[in-house]
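Here are some notes for a first look at this structure. Please read them with the model open.

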Amino acid sequence: MDDSLILVRAVHFVSTLLVSGVVLFLIFVAEPAFRKSGGDTHLPTIVRRRLAYSAWIGLTFVLISGAAWLLIATARMNDIPFAEVFSNAAVWTVLTQTDFGYDWVTRLFLAILLAAALLPVHSTRGIASKWKGLIAVSFAAGLVATLAWAGHAAAGTGFARTFHLIADGLHLIAAAAWIGALVPLAGLLAAAEHRVEESSITIAREAVLRFSTLGIVSVVTLMTTGIINTLMLVGSVTVLIGTDYGRLLLAKVVLFLVMLAIASVNRLLLTPHIIRAQSSEPLRQLRINSLIEATIGALILIIVSVLGTLPPGIQEQTAG
Amino acid sequence: MRNNRRITGAIVAALILLSENVAFAHAQLRRAVPAPAAIVGTAPSEVLLNFSESLEASFSSVVVRDSVGKRVDTADAHLDTGDRTTMRVSLTPLVPGIYIVEWRVLTADTHRAEGAFIFRVGQ
């Protein structure tokens with residue numbers, strides 16, 4: 001059952017971060033960039049439609065994988081085979097009497113609220129009001145941050161538990177703002193590459209600059225909260241290199257640094273080109289780099305899916 | 001210079017504070033009363049178990065049996081209100097002898113753990 005749990009978690013993490021990333025990208029990068037287009041609605045309409053579809057497909061996967069995760073978790077908690085999960089109101093007990101269950105219900109509500117907040121995206125005006133945009137962002141951020149409640153941070157006590165949950169929640173939002181937003185960025189760049197209007201290049205440039213800023217804030221947040229989480233879950237170099245948990249965490253950090261290297265190339269080499277150049281060639285290169293980054297990000301999320309099923313390394317250190 | 005020392009002191013204090021409460025997956029039995037392998041003169045009225053992590057009440061239980069396997073607890077195992085790391089179960093009056101405590105818990109992050117230990121009442 002371990003493998004199916006890891007698979008379901010991986011699908012859930014990837015789809016959740018993708019949906020949240022799409023929303024964060026839409027409100028903080030795309031819509032502000034569209035406002036610089038001087039009234040042209042061709043590219044904005046195409047991009048909004050793509051983002052809306054991505055969000056809806058993503059939400060579908062979030063709901064299906066979330067349901068599967070609940071069923072598998074219920075089976076494991078009760079130590080019963082998966083087939084027996086529907087008897088004895090086992091799922092109801094989990095939903096109404098455990099942290100995992102409360103978290104699950106909360107996130108279901110957030111997903112529904114987010115779906116409602118995304119309905120206007122289909123129209124040509126998109127999410128026109130700034131307030132509606134921030135509401136959508138709040139639901140998206142909430143949907144991804146509450147994943148922390150289903151993780152190791154939830155098992156702590158007192159102040160340390162609250163502190164850990166907050167750090168982990170911020171870590172998740174930052175991850176969504178970076179890994180999750182890379183895919184819609186690639187989508188916007190792909191749409192801009194094939195258009196002939198000057199305004200499309202303007203939109204693409206503006207989007208790249210804004211994404212860059214979002215990316216820097218995300219990276220700083222990821223590193224800070226990542227260090228906090230590592231101190232609380234691993235605690236020492238001995239545990240870091242001496243346990244499976246620690247070594248997986250190291251692999252995650254290495255992949256993070258690879259993503260950072262690619263992002264640096266994008267920021268320091270490609271972005272200035274995009275600002276200056278007239279052709280769409282640097283846009284194409286940036287799109288490819290972004291997709292490579294996103295793939296590495298997905299690998300990180302798979303590692304995270306495994307980590308959550310293991311006892312944190314610090315536990316093995318104190319065991320007899 | 002003085003500022004650096006103050007900041008370092010604050011960070012160290014924070015880390016110490018955090019490490020007091022830090023408790024992670026796969027619960028470990030931190031403390032038990034009666035303690036594992038203890039010999040107690042008077043029969044205890046309850047068994048107290050304190051774990052390294054927050055537990056889920058609905059999925060955590062403890063059973064106490066005597067040396068022939070008969071249950072001697074009152075089946076009222078419960079977590080302390082306000083402290084999800086401590087579980088207690090009341091006992092029927094115990095005669096001198098060896099008793100075994102069997103615990104099974106689920107941590108708040110859905111990991112299961114179980115264990116057992118014995119204690120003795122009397123000389």
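1. The model is predicted. In chain A, helices α2(A) and α3(A) lie roughly perpendicular to each other, because angles from 65 to 115 degrees are classed that way. The angle at which they pack is about 95°, and their axes are 9 Å apart. Helix α2 covers residues 42–78 of chain A, and helix α3 covers residues 90–97.

2. The contact between these two helices involves A:Leu70, A:Leu71, A:Ala73, A:Thr74, A:Met77 and A:Asn78 on the α2(A) side. On the α3(A) side the residues are A:Ala90, A:Val91 and A:Val94. By class, this contact has seven nonpolar residues, two polar ones and no charged ones.

3. The loop between α2 and α3 of chain A holds A:Asp79. This residue is not a glycine, yet its phi is positive, about 55°. A:Asp79 is exposed, as 11 other C-beta atoms lie within 10 Å and the class takes in residues with 12 or fewer.

4. B:Thr110 also deserves a look: it is not a glycine and has a positive phi of about 70°. It sits in the loop between β7 (97–106) and β8 (112–121) of chain B.

5. Chain B has a cis peptide bond joining B:Val33 and B:Pro34, with omega about 0°. B:Pro34 is in the loop between β1 (29–33) and β2 (39–40) of chain B.

6. Between the chains, 21 residues of chain B are in contact with 25 residues of chain A. The chain B side of this contact divides into eight nonpolar, nine polar and four charged residues.

Methods: Residues numbered from 1 in each chain as written. Chains lettered and ligands numbered in written order. Predicted model: local features only at pLDDT ≥ 70, side-chain atom pairs only at ≥ 80, totals over all residues. Axes fitted to C-alpha atoms, helices over the stretch in contact; angles between N-to-C directions. Helix = DSSP H or I, 4+ residues; strand = E, 2+ residues; numbered from the N terminus. Parallel < 35°, antiparallel > 145°, perpendicular 65-115°, else oblique. Contact = placed C-beta atoms within 7 Å. Nonpolar A, V, L, I, M, F, W, Y, C, P; charged D, E, K, R; others polar. Buried ≥ 20, exposed ≤ 12 C-beta atoms within 10 Å, placed from the backbone.
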